Amino acid sequence: MSIPLLSASQFVNTVLATPERGLAYLVGSPIAYDEGGGVPGVGGLIDIMREVASEEDFVSESAFYDTLPETEDAGEMYRAAMGWWGDEGGGIPRINQIVRRAVMRACLNPEALGDPPTGDGAPDDWYLPRGVRDLAALVRSGEEKFAGPILTTNFDPLLELAIQAEGGLSIPESIDYRDGSIREFSPEEQPVIHLHGFWRKSDTLNTAPQLGTERPKLTRSLERLLRHRRLVVVSYGGWNDVFTRALIKLIQTEGLEVDVVWGFYEDDPETIERKYADLIEGVRPEIGNRFKAYGGVDAHTVFGEMVGHVRKKRGERIQLAMQGEDVAEADVEEASLLNGWRLVDDAFLGSLPELSPAEVIRYFDGAVPSWHHALSDAIPRRRHIQRLLNELREAEEQGGASSLHLIEAAAGEGKSTLLLQTAVDAARRYGWRVLARPTATLRLDPDKIEALDPDVQWLLVADDAESLARRPDRHTPSDLEACAERLHARGRSNVHFLLAARDTDWRWTGRKVAWEDWLRFRPPPPLVLRGVTAADAEQIVSAWEQQGTDALGALAEVDAGARAETFRQAVEASGRGREKGSLLGGLLEARLGAAGLRAHVRSLLARLQTVPVQGSSRSLYDALVFIAACHCGRGPGLSLNVLADLLGIDRAWVGSTVMRPLGEEAAAVGGAESAWTRHPRVAEAVIAEVEESFDTDLAEVWAAIVRQTLETRRDVWVPKDSFVYVAHAGPHLVKDLTMLSPARRGSVAVAAARASTSALPGRLDVIVSLARTLRKLRQPAEGAALLRTHLDSAPEKADYRRVIRGYWNEWGTCEGEAGNSASAAVIQSASVSDLLNPMPLDSDRIALSFSGAGKAFERLVKGKCDVWGYALRGASTIGVRSVNAKREHFDYSHRRCDRLGIPKPRDLPEAVEWFEAGVRAAHRLLEDAELASLAAPDAVTFLALRAHLGIADDIGGQSATKPRPKKPRPPRRDREPADGR
């Protein structure tokens, strides 16, 4: 009996009539090629194999041709040919080469991709066949049920690029070739899942052993992905491979509610029965029930027909709304909604599954929150939610202007959870239209903002909001500024912004803008999260208690009545500096303790070693180690671009393939530009465990980070704080890597500093950093020798003018700590002298150099009336006048002079005279002939310093701005400093 075959028009109607549970798509190679070009299909690939065979010097070229069966079935011929390439023609690398050549046939601008290709380029760099463009348009139509995911056996990036051309962001995903697992996706993503691999940075599956090998997690992954969905299959051959077998098994499984609508290109039932015999036999019991077959379905036209229906229907609804008629609640998102931003409404929230107990525990361990967490009753709701909701209601009632509501906090204070929970309540309790930014890379378009319905209260929700407030350059407004100014100019009061940002990041972006000029700015004061109140602690601990001992951790051993206070005290005691009183730090301490955190991190690292980064030879373990290395101590985090390059993956993939799984593991979090561990204590535990329990050399890790950061910055943006920290990491690591032994700390710090000097041979500042590293490791003589060695080549460096005075200052500091006080005094004075003119002088430089010179003079002081005591008084007087100087050292020096009975100078010119006398005396003590010649007294003059201080260059040293005061002076014998020799 022939298979019942429905028509192509019935196929379109069935897809369009899909209920709200949504669709998934499965497409094969025919969609990627049409009459205009594209990626060749099976027949075209065989032609490319013939090309490669004719180009290569095979032992027996005829062997390839002999392996091709005499058949008109292109699929059978393809499988046989690929089998030969895998067994005899060069193996997987040669097959990958053939696949890349085939994919590049669709590329219009190969130069944009590089050779070999390092990225996918832009949509305009490719020919996108009609069927690909139409499917992307359907996915991006705005109706939730059409959003995908898309599964494909194709290797090319055309679908992702077409979605990008429609204003979306789609990251290519591949199944894990070892076990067939497919990672979980957030509701914000529009994934394209490549079942047989992707054309770059991963092997592709083509041979019979590859395609036929059972993969234990594939069925379970498909079950999770397709449960309660309708699978739309177009231009797919249904080969008897592991994927098709897994799909048949799902169709046959009761309770999954997976139904398949399969569009065959052929329109004859007997042809379909014969050509797809294995498939038809496997699904025969479900044909007409959960498997329906449709004939005459052309991938190049069918999706375009669907898009036309959707757009027509939307136009009718919008027209009805413009005429004042009610439109059904099922009305899809307006055409003016922001590209890529998530509409958070009842339909979306209702589609989210409940958190499992294990997911709740991971959240308490520090996992990055999602909309699932915001909905869950298991997640504590802090009092700040009501404050924000009250402010939003007040903004709505008062009108007059749109408003901005900001949550500021350090990492790990709960700002993201608070942001999502507030947005959920605004949508559900007050009926606001909430648009949320799913990734920190999406931007705001003033034209789209202005086009939002003026009769609806809109709430735009964004985490990592500093990226929206950052100006691309000094003269161009940020996205947020441009939108705020547009709303103000149009008199709009119905668009409101609910934002969250790390306080350190917002300080350098958002705080510099007078938002109140355009918006009803809330804050002031900002909602700044820091620590917990007693009431918060009670609520959080209560939530843990409801989840049992796994959630309570170490607190399970504490008396129930004392748990909340124990937790509150742990929060209060955690962190340091600006991060003192950290919520996440206290959570880790109370639930895990120091030993428990180390054990938790050890287990996490071992698990991450087994999880490869898609498209990379490295694992998530490597990613976390790189991130932790840059977050220890005062580290500002690791640039996401640098992280992607370290792992060898496309920079656009780093969020989905690295940061999201690390966030789910409570290991790390990513912002718009950088990545951090969930808390500095996590970073410290990672580094300690890597050193003690894993075979990883941190010196090599840091050298790799330095080299890659400096390389990546030549190509793309790297945040300035991250670049500066990494380029000059050596001195920081000496202080920050307190979890390592002094010897290991030193080797890591020196490795990082030497990597900078190797990677930046034309820079002077990295040589200074290496010398400072050696000095901080109590090797000041080695630091001084390094700087002396590079002195002759210093003028050739690109940053000579900017750095040379600091170079001499560090040299003098090294000499002083090595016990060469006279050398230190001369070198420090030279660093602010005319010897280095015309290099600029500033107050910071004066403060540092006079601090160093003062320390040298202190070590030389022998008695009350020697020249060194007067020089010390003069140096302290000059240094403390520097506007940015730290006074503590200079105040200490003044007290020392007071105890010695050394008078204060009458004025600044006299202070300079005393300082100069000390420098000349120090020069007479020099035993270093080279230095004595280099910094001769006639060269070490201070005209530029006097000018900076406002002192005229005359014989008496008179002030250029006012006459010297005439004060009674002690007898000359008490004022004249002794030589000191």
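## Basis and overall make-up

Helices (H or I, at least four residues) and strands (E, at least two) are DSSP runs, numbered from the N terminus. On that basis the protein chain has 46 helices and 19 strands. This is a predicted model, in which local features need pLDDT of at least 70 and side-chain atom pairs count only at pLDDT 80 or more, while totals for chains, interfaces and linings use all residues. Residues are numbered from 1 along each chain as its sequence is written, and side-chain values use heavy atoms, without hydrogens and water.

Of the 981 residues in the protein chain, 56% are buried (under 20% relative accessible area, 1.4 Å probe, protein chains only).

## Nonpolar cores

A nonpolar core is a set of buried Ala, Val, Leu, Ile, Met, Phe, Trp, Tyr and Cys residues joined through side-chain atoms within 4.5 Å. The largest one holds 211 residues, and Phe 567, Val 658, Trp 702 and Phe 857 touch the most other members. A second, separate core has 31 residues, including Ile 3, Ile 175, Leu 247 and Val 258.

## Strand β15

Two strands pair if DSSP finds at least two bridges between them. Strand β12 (residues 403-409) runs parallel to β15 and is joined to it by 7 bridges; Leu 404 has Phe 497 as its bridge partner in β15. Strand β14 (residues 458-462) is also parallel to β15, with 5 bridges, and there Ala 462 is partnered with Leu 499.

Technical notes. Buried means under 20% relative accessible area, exposed over 50%, partly exposed in between (1.4 Å probe, protein chains only).
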